[in-house]
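The sequence and the structure are shown first, and the discussion follows.

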Amino acid sequence: MSRSVTVPVLTIDGPSGSGKGTISRLVAERLGWRLLDSGALYRAVGYAAGAAGLDLSDVEAVTRCAQSTRIRFQPSEDGHDTRVLVNGHDATDELRTETAGAAASAIASIPSVRQALVDLQLGFRKAPGLVADGRDMGTVIFPDAVHKVFLTASAAERAKRRYKQLKEKGLSVTLSGLQREIEARDARDASRAVAPLKPAADAVLVDTTGMPIADVVAKVLAVVRP
């Protein structure tokens, strides 16, 4: 058994807007573990493909983009959100847009793109432990993880959260439009042939609808430290 496989992993999967990013970051801080935001990897490739003017339906071109795009995470100066550098450019804010999210969902259905990012994700597994945030962390990337959580929330609740985030950034969005996009992405992610969005058989399900962040963090920490 390789040394990396003995490193504990907590996977936190769930649909867009379920709170994975915030909860994963806070739990990683509490545990003192490393953090992997797998969704940011797909958003970064989608962003890079868009910046290069690629057609997202061009499988070969997007796969080459996934293989060559340089992605780096670095702590922010204010100690909050992690910054994501794509080919040397700080694309953190661009990656949070619905356009980037839709691009990520589209390319995530391409098997060769997913394969190109598998090794990159596995490389985050280092001592003392890893909190892996995504959609297939517990089912595909780290199926041997001892600790697995699947976060969910109603589409209406997730749309409200996203609306608040984007309005705070000064972006023009509508609540009804966001809810339609979220529901469409849920259906697309759950029905794709490769790594569909679903809880691992041994995952603990946590519905975060109406639940304060501190309570969700406590529930997730209890999975690791009963």
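## Leu-36 and its contacts

In this predicted model, Leu-36 touches Leu-41, Gln-121, Phe-124, Leu-130, Val-131, Ala-132, Asp-133, Met-137 and Phe-142, when residues up to four places away in sequence are not counted. Leu-36 also belongs to the largest nonpolar core, which has 31 residues; with Val-45, Val-86, Val-113, Leu-130, Ala-132 and Phe-142, Leu-36 is among the members that touch the most other members.

## The nonpolar cores

Two or more residues of this core come from each of the following elements: helices α2 (38-51), α3 (59-68), α5 (98-107), α6 (111-122) and α7 (137-141), and strands β4 (83-86) and β6 (130-134). The largest share, seven residues, is given by α2. In soluble globular proteins, nonpolar side chains tend to be buried together.

Which residues of α3 are buried? They are Ala-61, Val-62, Thr-63, Cys-65 and Ala-66. The cover over the buried residues of α3 includes α2, α5 and α6.

## The chain as a whole

The protein chain has ten helices and eight strands. A compact globule of 226 residues would have a radius of gyration near 17 Å, and the chain agrees with this because its own value is 17 Å. Along the principal axes, its C-alpha atoms fill a box of roughly 50 × 40 × 40 Å. Of the contacts between residues at least 6 apart in sequence, 74% join residues at least 24 apart.

Of the 226 residues, 46% are buried. The accessible surface comes to about 11000 Å², and 54% of this area belongs to carbon and sulfur atoms. The chain carries 30 positive and 26 negative charges, whose mean positions are 3 Å apart.

## Backbone exceptions

Most residues other than glycine have a negative phi, and most peptide bonds are trans. Two places in the chain depart from these patterns. Ala-127 and Pro-128 are joined by a cis peptide bond, with omega at about 5 degrees. Pro-128 is placed in the loop between α6 and β6.

The other place is Asn-87, which is not a glycine and yet has a positive phi of about 50 degrees. Asn-87 is found in the loop between β4 and β5 (89-90). With a relative accessible area of 37%, Asn-87 is partly exposed.

Apart from residues up to four places away in sequence, Asp-186 touches Pro-15 and Arg-158. Leu-197 is eleven residues from Asp-186 along the chain, and their C-alpha atoms are separated by 8.0 Å.

Val-204 is in strand β8 (residues 204-207). Its relative accessible area of 38% makes Val-204 partly exposed. Gly-134 lies 70 residues from Val-204 along the chain, with 15 Å between the two C-alpha atoms.

Ala-201 is in the loop between α9 and β8. Ala-201 counts as exposed because its relative accessibility is 89%. Although Ala-201 and Thr-139 are 62 residues apart in sequence, they are 8.3 Å apart in space, C-alpha to C-alpha.

## Asp-93 in helix α4

Asp-93 belongs to helix α4 (residues 92-95). At 44% relative accessibility, Asp-93 is partly exposed. Between the C-alpha atoms of Asp-93 and Pro-196 there are 27 Å, and these two residues are 103 residues apart along the chain.

Notes
Residues are numbered from 1 along each chain as its sequence is written. This is a predicted model: local features need pLDDT of at least 70, side-chain atom pairs count only at pLDDT 80 or more; totals for chains, interfaces and linings use all residues. Side-chain values use heavy atoms; hydrogens and water are left out. Helices (H or I, at least four residues) and strands (E, at least two) are DSSP runs, numbered from the N terminus. The radius of gyration is taken over C-alpha atoms; the globule rule is 2.2 Å times the number of residues to the power 0.38. Buried means under 20% relative accessible area, exposed over 50%, partly exposed in between (1.4 Å probe, protein chains only). Contact means heavy atoms within 4.5 Å. Accessible areas come from the Shrake-Rupley method with a 1.4 Å probe; for residues, only the protein chains shown count as cover. Lys and Arg count as positive and Asp and Glu as negative; His and the chain ends are not counted. The place of a charge is taken as NZ of Lys, CZ of Arg, CG of Asp or CD of Glu. A nonpolar core is a set of buried Ala, Val, Leu, Ile, Met, Phe, Trp, Tyr and Cys residues joined through side-chain atoms within 4.5 Å.
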